[in-house]
Amino acid sequence: MVNIHTLENGLTILTNEIHHAPVVSHWVWYRVGSRNELPGKTGISHWVEHMQFKGTEKYPVDILDAEISKAGGLWNAMTYLDWTSYYETLPADQIDIAIKLEADRMKNSTFNPHETELERTVVISEREGNENEPLFRLSESMRHAAFSHHPYAHEVIGEMADLKKITRDELYNHYQNYYNPSNAVLAVAGDFSTELLLEQIEIAYADVPANPVMKHAIKPEPELLQSERVIVEGPGETVFLEIAYRAPSASNEDFIPLMVLDSLLTGPSSLSMVGGGSVSNKISRLYQKLVEKDVAMSVSGGLQTTIDPYLYTILFIASPDQDIDQIIHAVDHEFASIMDNCIGESDVERAKKQARALFAYGSESITNQAFWIGYSAMFAEPSWFEDYLKNIEQVTMERICEVAEKYLINNNRIIGIYQPEGRNINHGQ
Amino acid sequence: MDNKHFSCSNIPGPDNIKQSTLANGIQILSYQNMNAETIYMIGILSNGGDCDPPQKKGLAHFTANLLSRGTRGIPFQQFHTLIESAGANLAFGCSSRHTWFRGKSLAEDLGLLIKLASDAFRAPAFKDEYVERLRRQLLASLALRDQDTGENASLLFDQSLFKDHPYAYPVDGYVESVASIIRENILDFHHTTYRPQELSIVISGAVTHQKITRLAEKYFSAWEIKEKNTAKPMETIPQAPASMIRKHRFLPGKSQVDLIAGGFGPKRNSSDFVPAYIGNNILGQFGLMGRIGKRVRSQAGLAYFASSSVSAWADTGTWDISAGVNPENTQKAIDLIRDEINRFISEDVLEEELENSKSHLIGRMPIALETNAGIANAILKMHRFNLGFDYYRKYQTMLGDVTPQEIRRVAKKYLRPDQLVITSAGPGEEQL
């Protein structure tokens, strides 16, 4: 049961008491991600996240580094399209450290210029590691093609050119603007008393002022008018085919039916970003039609929970001698059959049970419980998490066909192909 | 050391780990955890890539992966319809020493999971169609491995350190060996290496031991004991290198070099293990990747990741440091890593560092044991390495007893800056 509290400075606090293990997971979520970045400043939100580990006056870098760890805690951070989050999972009696540390670095990170320059090369190194991966290179090109001006066009890590020139002051200004209580959600799950926890939080955040947050207006992305193909060449002997359809935002009523449809097409996937479990996809429709028929090596797919409409992607791995157009035609054929009402009631029931099981796996750890309640608040309301299974249960065959007809259309997609350099892959236009 | 968060109440131990043995020798271990409506199951068989014939590297892996492609009684389609319709997961695989299955399901579906695991292990179909399809998939994953800088650095490291020992070879084999495996090889491998008396099953979840044993008897008892008719080839752990080994595999079109530097480490049940485990935490884990992370990432800004790890098995182990760096900084990173190792073996770690690491390792245990997967893996570790089922109950005392001098002693024994194996892959001139 999630309880909601709001401090005078605007900080929203979500709590969920769970007493089966002496563990607490504490997350601070900020409503800032690559969605809030301007051209020339891509990657700035992620870099700010790195700088949050560089210390405050009260918790200098070495102390900050040690405090959570020596308490037996695990901690890390993530930057995504719409949000940035910081978490600590600790023994229950050590929660005060996490509360004090996060309250302090919400306002007092120093962004030391020397540390900023050192972190520039670390972030560039992180990007170079990503560039080693064919799928990162394909994904980056696909997003450039899928969005004409929305910031979702850029990878969270940012463009290399921007990473080389963003300044310390730009980072600090980004931090000062977005890291404010009214732009944050604190989510805690685990073995605590809510009353005592709220007292600790109120004391820690008493001096954090309620500053206004300036956000740039984001113009809605126009509809795609025609399909586009993106070809990326690189080393290797493997072909990747990604088909990306524009998809609804997480709060849109079509999102859950589209999730169930994805489960039928490519297999169920968990929305959790901190593990929990998975279910294989060997009886999914596209696996059966493509992998079992030796047209592709593997298939996977997924939706992202985002504030603005993003992408539903389906990824195939193929060998260079496989016919890419045959894969695309098979996908189109399968979609056409779904639109002709070829979904059985048992298929839908299976997808629902899979969703229930994934939800149970994802709810097993305290870290996942705290993740879910804060995560939901980033793209919808905290109740999105609590209503998730109920909403899944309400999906009907008719709704699945409706969303298939609405989103899985050729003009609404980008086709991306990563192919080995110098190899003549069979794909037309 | 502040260990007030340490409590034995939920830690698996002799009083809450239940054991039984089926008539055919299969050992069942379980832990009843009613906090979640799920179960997690692991089964391990004491044979893996170490049983691969020399020209058929990858055979154990190929065989294990075929187990989920249908059985003589349950065709592929039905097998996966049953699993996926239950929202369950059942995967098969192998390591150098073991073949395993891992499954997760809602507690109500445990019977299904055990039935399918049993059928897959005892009576796989190995149909030609699936042999050939899987071969294509395995070759595709080898093509991906071939382009992965981290995988290449790791393969080079294992080959350089372990020479002809089974740990030198990748369990997924090579393109040539996987291409040469025929169905008869698979049938023969399964027949000679899958024996019930060498299988252990560990289950944690919302289910009683009585029910688990009943289900295991129902589905596994038809599997008859098989005598060993092949002996594993003799194995010798090679001597540590007499001098430094440096190898680099050139991979075109990459932006970053993946780098590994290290050597042998202690066995899992050696008295050196715990000091090495704590020492490793200080060297390359604690906080933001310990001393190595501080030096290579935080102070020099050379890498996004730079950390150390200890891997320990029944007969040997490794202790190594890995990092991902810009090609221009490879040598600089190697120099910093060697310098940190030198410091680590020349001076005792500080009392404060030691206490912090102990506190971290002890304190995080409840987090590691909060899920069924965490509990099952902990029980398996105690069982596999004969650590005793009170291992995690004694954990705090064991770690508490380690001194800075002991850490320095084991560090000097295993981390030798002039005898390191240093391998890398990515841009840069090939050096093999």
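**Figure 1. Where the two domains of chain B meet.** In this predicted model, 26 residues of domain 1 of chain B are in contact with 28 residues of domain 2 of chain B; being in contact means that the C-beta atoms of two residues, placed from the backbone, lie within 7 Å. On the domain 1 side, the elements giving two or more residues are strand S2 (27–32), strand S3 (38–45), helix H5 (149–162) and strand S6 (199–205) of chain B. Helices (H or I, at least four residues) and strands (E, at least two) are DSSP runs, numbered from the N terminus. Which element gives the most to this side? That's H5(B), with nine residues. Sorted by class, this side of domain 1 of chain B has 14 nonpolar, eleven polar and one charged. Here Ala, Val, Leu, Ile, Met, Phe, Trp, Tyr, Cys and Pro count as nonpolar, Asp, Glu, Lys and Arg as charged, and the others, Gly among them, as polar. As for the bounds, domain 1 of chain B covers 17–220 and domain 2 covers 245–426, taken from an automatic or database domain assignment. Their C-alpha centres lie 28 Å apart.

A quick note on reading these views: residues are numbered from 1 along each chain as its sequence is written, while chains are lettered from A and ligands numbered from 1 in the order in which they are written. Since the model is predicted, local features need pLDDT of at least 70 and side-chain atom pairs count only at pLDDT 80 or more, whereas totals for chains, interfaces and linings use all residues.

**Figure 2. The domain meeting place in chain A.** Over in chain A, domain 1 spans 3–204 and domain 2 spans 228–420. Here 35 residues of domain 1 of chain A touch 28 residues of domain 2 of chain A. H5(A) brings the largest share of the domain 1 side, eight residues. That side of domain 1 of chain A splits into 22 nonpolar, nine polar and four charged residues.

**Figure 3. An open sheet in chain B.** Five strands line up in the order S7-S11-S8-S10-S9 (chain B), with mixed pairing; two strands pair if DSSP finds at least two bridges between them. Strand S7 (245–250) and strand S9 (303–312) of chain B sit at the edges with a single partner strand each, so one side of each has no neighbour in the sheet. From one strand to the next, the twist averages 15°. Look inside the sheet and you'll find strand S8 (257–265) and strand S10 (317–325) of chain B running antiparallel, joined by nine bridges. Phe264(B) is opposite Thr318(B) in S10(B).

**Figure 4. Helices against the sheet.** Helix H4 (113–131) of chain A packs on this chain B sheet, touching S9 and S10 of chain B, and its direction makes about 65° with that of S9(B). Helix H10 (286–299) of chain B also lies across S9 and S10 of chain B, running at about 155° to S9(B). Axes are lines fitted to C-alpha atoms, for helices over the stretch in contact, and angles run from 0 to 180 degrees between N-to-C directions.

**Figure 5. The two chains side by side.** How many residues does each chain bring to the contact? Chain B brings 56 residues and chain A brings 53 residues. Among the chain B elements supplying at least two residues each are helix H2 (76–85), strand S5 (99–106) and helix H12 (351–363). The side of chain B that touches chain A has 19 nonpolar, 27 polar and ten charged residues.
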